[in-house]
Amino acid sequence: MYLVDKIKSQPDKYKIEILDIVDPTLIEEKGHIFLNIVARVKERIDVLVQDKEMSIRQSWEYKQWEECLNSLAAGLPMLDGINGGLDPSDWNDTTFVMRDGLRRVSGANRLEEHFRHYINYSLQLLGQDFLLIAFDDVDTDFSKGWPVLETLRKYLTAPNILTFISGDLDLYSFLVRKKQWKNFGKALLKNEYDKPETIYTAKYPELVEQLESQYMMKLLKPEYRITLSTLASKLATKKIQIYINNNDVNNELGKYYSKQLEDIWGISGSMTQLSYVRFFTSLPLRTQLSLLQLFSIAQNQKQDLRIKLQNLAKGISDVFYNELHYTKVDIWELLNEYGLANIYLLRFLLDNNVLDEASQFFPKLNNPSLDGSVVALGAVLSEKLTLKPYELFDHIIRVSNIVAKATRWPMVGTSPNIHDFVQHSRSLFDYGLKKIASLQSAYIMSFNNEDAVHNGLIPIRSLQSKSKNKRDENDLALDEVFDHTNNAEIVRLLGLLPAFGAQDPLGRNRLFYSFYSLIGAIGDIILNENMLSIQNELIRMAQLREFPLAFNQNNRNDITDDIEDYNDPEYVVADNSIAEFALKIRQWQENWQNYTPYVIPPYLLGRIMVRTVYSFMRIQPQPNQKVADLFHRFLVVFLNAILVEEAMERDATAHMTLTNPTGSDKIFFNNYNEKTVSCPLFEFMLSCPLIQAYLDPALLDQTTNTHPVYSVYNYLNRLNISGAIKQHREQPIKIDAYVRANNQEHIDALMHYFQQIGLSKEQLSSDQVKKAIKTIFTNKMVYNQVVTDVLNAVKNSSKW
């Protein structure tokens, strides 16, 4: 204690005798706090007597002190908690009562007076004016705390006794309230308070509150209370700087924490760092010392990234072990990988009802226990995401897709709700990710007010093999576009990979192309680490399966298998395309290691998915839009979300366009060109062969100057969106003239036509322009130069 040390450093100035700090939790069960104080003072006098021997013993003050001690000793056996009182049988002995019993009672009645004289003469002998007694940890043990408070109230009342008592005022309040309730006695509470609908039910709590208030006002007077502020509040004043070892600027506490967050955790955003620093500096000093020691060890370690992150996750979890236990997290199982990490994270969010608030796993909840838990779980999440790419896809499906519904659905009750969503999708079980994603989508589409596109879904027509209708060349089914006549077997598998079916209670099936099913399938595939396993998983994931809607009575609670497989391939064509593609996937997996020591902050993926989901909600399908374009749009907004969030995290000065590319790729291209720092997660996702297969190849050509290993984009351009916006197509305007590139009315008419048929600028080609010119204008033949001039005029127009 700084104040005590200052007094000790100037003994001639303050004339205060300071006893060692009294910690009642360290005193034996039968040791009374009052006796402990008396004994400590006596020890000081005994030391003095030994030093000065006979000169002190012969003094009048010493004799008075001995007499006070004897008088004090006479009343000590009558103290509460001291087994030295009078036994009932002693009162039968008249001689004992007259000689000893009444003397003890008298001593007890004058105990405070004798103690005051005892302290006065002790101070005289010691040559001091005041006695200072400091108490610590009084509030941590209720059984020991009450005797301390009563000793303060009854005996430590002399003006020359200075008492310091530290602790949490709330805990002192609980301690006093507990005693006041106990004073009422069981009989009174049973007969009056415990009976419902009596006037005493509300009266007793009021009485306890009044008694507690008066006791606290008398004992711990407000005018003498000093509220100890945290380091966070001291730093907030901007007038105090706190250093760790010396006053080197790098050792200033806030800057030191920020540097460790960036170096060890990859947390570089200044506002996010500030949230962590505020939380850390608001912690008790003991906790901060543990954190600082942990950071110091991590900073000095020369181990590889894997060991460093694992040690950090374990160390942070040890520091916040009690907080994790309080919030129902079994950290031992989590750290020892007894099950998937994201299952524990999801269970934490659900059990503590913080699905939306804590989903990014950094401290912003203003609750010490929850914030401590999210910091520890964030360290675990960061380790998992950084070291194992599978965890990225697992987190998107198992956590982010559920969090996305937290602001729109209640936890329980009215359907749809989060509890049923989690249960239906088996998200808390170690199921395959594509299966969980498909069950999630099936649950979502069980409700009429849920829009498919806004949930990353594209409805497509049922399979031709299951249909009784004749083949329609203008409305092909999935199994007609992707069949065994494709040039490569991998094309057919890729075409089926994101698809799943949903079955209603009447057995009717609906078919969907799903962004989340693709993400889940990628996760399931890369969980395998050898070529043969990847090939087999790729084939298995491409099996087209159907899943029950929420109200399908065939959906048993214990279901472990899908209701039915349909279009299950009888054979896989034996060509080299599957093995070739599996090799590319394996190379892509291994490429993640090249990005180390890049560390993914715990909140980054959460922010990416918030932006992605927000973008999905603003995508509007266009008339006659094909599956290829809409699925491409899903992937582009996802990639753009990664690019924007990662770039802004790694470079605060990055000039990213925050508007999302929900209508065209222009914003994505702008952001890509504005990127000034390496964005490993974005680069990793963009290079994924399983994502590239569904992108418009032109996007890759304009960004990475590469081509997908295999692409299904043109195949998907033959697939219609089932139930797409049906509008009466406006007849194109007819202009009785030859087209001119320098005529603004002509260019405006062409742009209106292109927008009407659902094309974007980026999708325009020379053939489409030539066709439009023949449709609108009187041109029978169109020269290539005219087409080029018109195409440039349209693309350069600021009106579109």
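These legends go with close-up views of nonpolar cores and aromatic rings in a predicted model. Residues are numbered from 1 along each chain as its sequence is written. Local features need pLDDT of at least 70, side-chain atom pairs count only at pLDDT 80 or more, totals for chains, interfaces and linings use all residues, and side-chain values use heavy atoms, with hydrogens and water left out.

**View A. The largest nonpolar core has 171 residues.** A nonpolar core here is a set of buried Ala, Val, Leu, Ile, Met, Phe, Trp, Tyr and Cys residues joined through side-chain atoms within 4.5 Å, where buried means under 20% relative accessible area (1.4 Å probe, protein chains only). Phe-280, Ile-316, Leu-478 and Tyr-694 touch the most other members. Helix H30 (residues 627–650) gives the largest share, 15 residues; helices are DSSP runs of H or I, at least four residues, numbered from the N terminus. Another core, of 44 residues, lies apart and includes Leu-19 and Leu-131.

**View B. Tyr-694 and its contacts.** Beyond its neighbours within four places in sequence, Tyr-694 is in contact (heavy atoms within 4.5 Å) with residues including Phe-631, His-632, Leu-635 and Tyr-713.

**View C. Tyr-443 and Phe-447 make an edge-to-face pair.** Rings of Phe, Tyr and Trp (its six-membered ring) pair if their centres lie within 6.5 Å, and planes over 60 degrees apart count as edge-to-face. Here the centres are 5.1 Å apart, with 65° between the planes. Tyr-443 is buried at 3% relative accessible area, and Phe-447 is buried at 9%.

Methods
Buried means under 20% relative accessible area, exposed over 50%, partly exposed in between (1.4 Å probe, protein chains only). Helices (H or I, at least four residues) and strands (E, at least two) are DSSP runs, numbered from the N terminus. Rings of Phe, Tyr and Trp (its six-membered ring) pair if their centres lie within 6.5 Å; planes under 30 degrees apart count as stacked, over 60 as edge-to-face and the rest as tilted.
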